[in-house]
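Trainee: I would like a close look at a single part here. Please take me through the details, then move on to the aromatic side chains.

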Amino acid sequence: MTATLAPTPTAPLAAAVSRPDERAAAVAVRGLTVAYRDTPVLWNIDLDIPAGTLTAIIGPNGAGKSTLLKALLGLVPVAAGTAEILGGSLAARRRRIGYVPQRGSVDWQFPTNALDVVTMGTYGRLGWIRRPGRAERARARQSLEQVGLADFADRQISQLSGGQQQRVFLARALAQDADLYIMDEPFAGVDAQTERAIIDLLQTLRNQGKTVVCVHHDLETAPAYFDWLVLLNVRAIAAGPFASTFTADHLRATYGGALTLLRHRVGSGALS
Amino acid sequence: MTVLHDLIFDYTLRNVALGSMLLGIISGVLGSYAMLRRQGLLGDTLAHAALPGICVAFMLTGSRATIVLLLGAGIAGWLGTMLLLHTVRETKLSEDTMLGVVLSVFFGVGVLLLTMLQHWENANQAGLDRYLFGQAAALVAADVRLFAILGAVALLVVALFAKEFKLLAFDPAFAGSLGWPVRGFDVLLTSLLIIAVVIGLQTVGVVLMAAMVIGPGAAARQWTDRLHVMLPLAGVFGGAAGVIGAVISVQAARLPTGPMIILSLTAIVVASLLLAPRHGLVPEAIRRRGHHARLVAPSLSRGDPA
């Protein structure tokens, strides 16, 4: 168990990625505060996520992980602070963002098929009123192929397994042809094989120079999957290269009272 | 054949049937969106909320012209909806709570105003109480023309924004991430539903309008898994229920039109629930028996453990 938990900035990976400090920030957040009525959900967040990273946002339930993603996308009202995307304002960069919401946020009984959902990824570029045509559907088929669902294009979405539904959402984001992908729990409720396929895909994107930001829950798999880490619990506890950020002290500060559970699961020996 | 002849040449039947058909088509299409967005009861609330608007419109203008009364209905329904959407967004009250509150408060005020009008000098409630249960027989050619214009506008907007409304109904957060004005589209779609409801007030009335909003979409959903098929099919089902209900009520023994339309629609919904090939209960039961015969029964007869 400890083997998988060891920080894993493996040699080839470190070589493939240039030094983060030299790269432009894909996400630059300054003093971001979001509140639902009187309760702050995010408090005075300062954050830089370099371009070309595969970043995990980790924190306990209610830490504001999803809210942070939604604030980046302009989906929740921001009380204070700013967020820059790919070096510009959100409005100017929207077309370069791909979004994967939580799978449970939509009704999968909706009368549509997989190809149609993936085609929605082309809507942003199409503009209003114009309908998706042959080029958009071809793009959608290509995206479905990338997630291994080429044979499921005509499948009614309620007839897909949870892992397939998750991959349909990923394919929709791929059809957006973005430079920054924002994903809310892309691994939630998928089987091991699907998880492997998804992480392969995300690492391919990263290796192509795209930036991928995921809310992630599993502390055991995180070190193997990601190269940049944001620890969040209403405040930004720590952010940086995965290996140097994934420490017992930081995790203790992030999870607070839940640490006994953590120590049992992680074991301080595995962490520097 | 006489029915067909009367449909074309009988002035009353023609207007009632055409008006009911238009209502069915429009409420079927727009109600489908409401159903898919889990706002099935919104139509019911809208219809009830429209009643005080009819009364106030009459009190202010003294006019019984359809367009005046329906404008009042539309404004009141719109105010009710905005109140609903706003309170759900800004308070901790859930949507079904607020649907109930808006429905009963507006309807209560409407009934109160109706009663007050009864004591007015020009008396007899000005015939406004027909909006409670509808009175399709009172439809005239001018009403049908008005319905046709309103319906054409509503359906044109739906056709133009088909892609936008689909994404709004399926995944509003994703629509928001594209920078679309989700709240604006929400208000637009709801406003179109108000048009459908307002047309229905005169024909089936406040009380039965909810069925016209939900029924056609529920029936159509049984037959197809694609939105671009479901929407026109819901229009066809709604329109058919309108015509069938109108013909039965006018031809047979002076039955009230509104309830006959709703009963025709109910028949379509029940038939769809039972018989639709993929989702219907009867085909499913037959399939299940087939599975049983092929998979379970042989192993039982061989004495295998299940």
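How many residues does helix α3 of chain B have, and what distance does it reach from its first C-alpha to its last?

Mentor: Keep in mind that this is a predicted model. Helix α3 of chain B covers residues 42–61. That gives 20 residues. From first C-alpha to last, α3(B) reaches 29 Å. At 1.5 Å a residue, 28 Å is expected, so the span is close to that value. The helix is mostly covered, with 16 of the 20 residues in α3(B) buried. Just past its end comes B:G62, which takes a positive phi of about 70°.

Now the aromatic side chains. Over all chains, the count is 13 aromatic pairs. One of them joins A:W108 and A:F169. Their ring centres are 5.0 Å apart. The planes make an angle of 45°, so the pair counts as tilted, between the 30 and 60 degree limits. A:W108 sits in the loop between β5 (97–100) and α5 (114–119) of chain A, while A:F169 belongs to helix α8 (residues 162–175) of that chain, so the pair ties together parts 61 residues apart in sequence. Both A:W108 and A:F169 are buried.

Ring pairs also build a cluster with members from chains A and B. Chain A gives A:Y123 and A:W128. Chain B gives B:Y33, B:F161, B:F165, B:W180 and B:F185. Elsewhere, chain A supplies the charge and chain B the ring: the charged end of A:R172 sits over B:F174, 3.6 Å from the ring centre.

Note on methods
Residues numbered from 1 in each chain as written. Chains lettered and ligands numbered in written order. Predicted model: local features only at pLDDT ≥ 70, side-chain atom pairs only at ≥ 80, totals over all residues. Heavy atoms only, no water. Phe/Tyr/Trp six-rings, centres within 6.5 Å; stacked < 30°, edge-to-face > 60°. Helix = DSSP H or I, 4+ residues; strand = E, 2+ residues; numbered from the N terminus. Buried < 20%, exposed > 50% of the residue type's maximum accessible area, 1.4 Å probe, protein only. Lys NZ or Arg CZ within 6 Å of the ring centre and 35° of its normal.
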